[in-house]
Amino acid sequence: MINRLTEHRGLDSFDIRYVALIVAILGIGVLSIYSVTHGHQSGTAPYYLKQLIWISLGAAAFLVMWASDYHHLARFAYPAYAVILLMLIFVLFEGRTSKGAQRWIALGPLNFQPSEFAKLVLILVLAHYYSKAPRVGWLQRVIVPGLLVLPGLLLILKQPDLGSGLSFVAVYAAMLLMVGVRSQALGFILLFSIMLFPFAWEGVWGSLHDYQRQRIMAFVDPGYDPAGKGYHALQSKIAIGSGELLGKGLYGGTQSQLKFLPEGHTDFVFAVFAEEWGFLGVLVLLTLFVALMWLSLEIASKAKDQLGALLAVGIVAMLCFCVVINIGMTAGMFPIVGIPLPLVSYGGSATIMTMASLGLLLNVKRKRLSLFY
Amino acid sequence: MVTGHSSESEFGDLHRRLFILRVGLLLVVALLGLRLWHLQIREGPYYRDLSENNRTRLVLLEPARGLIYDRHGVLLANNVPSFSLYVTLEDVKDRELLIQQLTDLLGLDPSLVRKKMTAKGSKLIPRKIKDRMTLHDATLVESHRLDMPGVMIQVESQRNYPGGVTAAHLLGYVGEISSDQLEKPEFLDLHQGSIVGQYGVEKSYDRHMRGMAGQKSVEVDALGHEKKASVVERPQAGNDLYLTIDVRLQKVAEDLLGAEQGAIVALDPNSGDILAMASRPGFDPNVLSRELTAKQWVEIVQDEGRPLNNRASQGQYPPGSTFKIPMAVAALETKTMSPSSTVFCNGGYQFGKRLYHDWKASGHGYVDLHNALVHSCDVYFYTIGQRMGIDVMAEFGKDFGLGKATGVELPSERAGIIPSTTWKQKAKNEQWLPGETISAAIGQGYVTVTPLQMASLVGTVANGGVNYRPRLVQAVMDRTSGNLQELPAVPRGKINAKPETFRVIKDALADVVTKGTATKAKSSIVTIGGKTGTAQVAALRTGPEENIPKKFRDHAWFVAFAPVESPKIAVAVLAEHMGHGGAAAAPLAKEVIETYMKLTPQIPAVTSDLSRGNRPGRSAKDS
């Protein structure tokens, strides 16, 4: 009897369409990673195999998040945030540096990137805050949560990880929109931002590494040093554009296969996919993403409490931000900030974190709470 | 759980806001789709062409380095065309085979070529394997290029110093950027193979003279052979430098030192402009600016004469009696002595148990300040040193710019030492001993200075107290705008002394030359004021100078200015191991001064020359 109930309770939230979408996008990712890295590697395990391992770990995280109770999780939001902040401070001093940024903690053979997990923890923190705190006046609505975001944001910008930092801001902005910012408050924020802009610009621009500034320069002025910092952007556009309608077919991407395109398996994996599958392939991938987010917003709107709704919205905002910025930067719409394409790019921390977030989102879908409620 | 009234209404609001989010999501994705449609469908064929031809290589075009002129526009450093060999690794099918081919063809060292090919960097960007190739070698490579995909010959400009060793320490030399330098922020926009200044003004003004690399896109076919080239961005030539030196005077100064080790600095006391700065032995910057073999480099570095050491700005020597000039100023200004008060010199100065000798064993008798300078009486200065104390002496020494770098635009300038009680405490963690003050008063002991500092000091006395920063670069000419940016003379400080004090000192220094220790500097065409000095190398010596091995002989100093009435030039001469200043150094200073007095009227100053637009012509190849 009890067994049956549990089973039923579990399944009523388990949305097979949702899981199918995730699996489809993951599949596209593994295929693209395989395509761009096969034959180029020797010695270590191939990237696609390692990615499959990350996905299995991600699946476990997905199931754990789905099976647990998000109310319990939210209760741990503040302590978890404290731990993440400590890790970010640790990274600043002891972190592993790669390509000029100090983002990783080495755990034996594995490298763990706290800033990825910080995103999920931040969503929990803000959702928890807004669902508990009295929300009268802009101080409680805007300033206090803003102050919550700030330390994490600054630590991440310091690494520097502009992409993760911006996704922090995106999550905060989406939450603000959800809890309702009155027009005066919006006006105040706008005025405040305009007043702060010169300082912020100085601070942000000054804290950037030279390579980041050059990337932004390369974006503003496309002719800027095409052999150096503008090289990524140019090669990525050529890869995507030359895919045309139907693409060059699997392994047919000359741009990526001939290694004109750097970081083809990580931040620029979308360009690999677009070159090989063309505009039609791109439409399929975009549709999958939109469907996933649409379903997620569905879950948000049907959430049985504010905490759930806010969690869902935060997660969607973060995913949406990453997808749009990543594709936008590979397509030459935005400066290159170094942000992975969720579920598609190679990478352990990001894959596990994204899948865990989606598990949490599905958790929100439960109509009833657990047996012990 | 969440049941409050206000919360409920907000919860309801949530749905309206979710609707905004949905619309936003669709809009943003639609925008992405539109962009991708534009890239892949509208511009697809264009990008397909690009990708098919994405055998395009970007080749950096090295900029021509700025030229260096002397104050009258005489060319000191220019560029001459030469050939460089580049390899694009992406197009190389068999690296070992290529190394074999190149070494067979050009006689290169295979391990060196291999090292350059395996160095860090993109496979797509051609890397420089060999520069300064002869025309013969370049044609040889060209004729075999079809067998060597990825190989390219570029015409580049190469640094050249027409004067050879002349002014080598000032000009410095250039060289390929090192991997350490590449890591530094000031070289961020450079790359492996870039040429940067490594010494002299080539180094200190590198940023000005370097210019900006351009690039050329070269289309290559599937075999890596060049098909078509077009310039994407022209290189920007670096800016030209006008030095303050007069190369004719520079050459005279260098020739005067000849095979000896030493330095001569001549400057304009009214601006601090360096007119000549010679340091011997020297080196040929043309050799150092080329790729040196390890053996050649070791030879230069291990040379006992240390030719890479600019003795004028980096050599630190005890000033000997030339230090009596600032001591005399200090004595008058602190009223330790009046010009007329005297000290009795019997050939020695007893302090505690020790007798400090005068250079003249029989003594000078009663001497006033004038005679003490003219005959370089040590006892007089022992006495005033003892009366003033080391810290007062140090203060005046520092006012004259001793004990700190002058700030001349040369790398690795040394500061020398002006000791004081605090200095000794810090440097040696010991207390200052009174006996040390006595040695310091005649420029021995811990006191060390550079010849450049001494030239500046004597210039300061000559102009009546303004201590100018010695200046080597007079103007920078911007190649893009054509503007000539003149750099102003920079006064570092002013000696707080009465004009009377300087008059007394200058009178004495004039008599040093006419009837004192430096009669060998006496000139028939110009009045000269000066001071000799002898810097002890080894403390205990016996017997005549000739019997002492040369490396233990004293250094000879002479500092001078001329004409005494309205000084136009200040000179410091330091001749290593040449004995007494009066005998060895004074004649050299006289030669420099006379040369300068003869030169000056003939040629107008660079500034007026330039302002008339009468700029010296450029060599044909550098723009």
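Reply: S376(B) is buried, because its relative accessibility is 4%, and buried means under 20%. The model discussed here is a predicted one. S376(B) sits in the loop between α15 (369-374) and α16 (378-388) of chain B. Although S376(B) is not a glycine, its phi is positive, at about 55°.

A positive phi of about 55° is also found at H577(B), again a residue that is not a glycine. H577(B) belongs to the loop between β23 and α22 (581-599) of chain B. With a relative accessible area of 15%, H577(B) is buried, since the cut-off for that class is under 20%.

The peptide bond leading from A562(B) into P563(B) is cis, and its omega is near -15°. A further cis peptide bond joins R280(B) to P281(B), with omega near -5°. P281(B) is located in the loop between β12 (274-280) and α11 (285-288) of chain B.

G197(B) is part of strand β7, which comprises residues 195-197 of chain B. Its relative accessibility is 2%, so G197(B) counts as buried. In sequence, G197(B) and Y173(B) are 24 residues apart, while in space their C-alpha atoms are 6.0 Å apart.

K203(B) lies in helix α8 of chain B, which covers residues 200-204. Because the relative accessible area of K203(B) is 41%, this residue is partly exposed; that class lies between the limit of 20% for buried and that of 50% for exposed. K203(B) is 29 residues from V174(B) along the chain, and a distance of 7.6 Å separates the two C-alpha atoms.

As to burial, S376(B) is buried at 4%, H577(B) is buried at 15% and G197(B) is buried at 2%, whereas K203(B) is partly exposed at 41%.

Methods:
Residues numbered from 1 in each chain as written. Chains lettered and ligands numbered in written order. Predicted model: local features only at pLDDT ≥ 70, side-chain atom pairs only at ≥ 80, totals over all residues. Heavy atoms only, no water. Helix = DSSP H or I, 4+ residues; strand = E, 2+ residues; numbered from the N terminus. Buried < 20%, exposed > 50% of the residue type's maximum accessible area, 1.4 Å probe, protein only.
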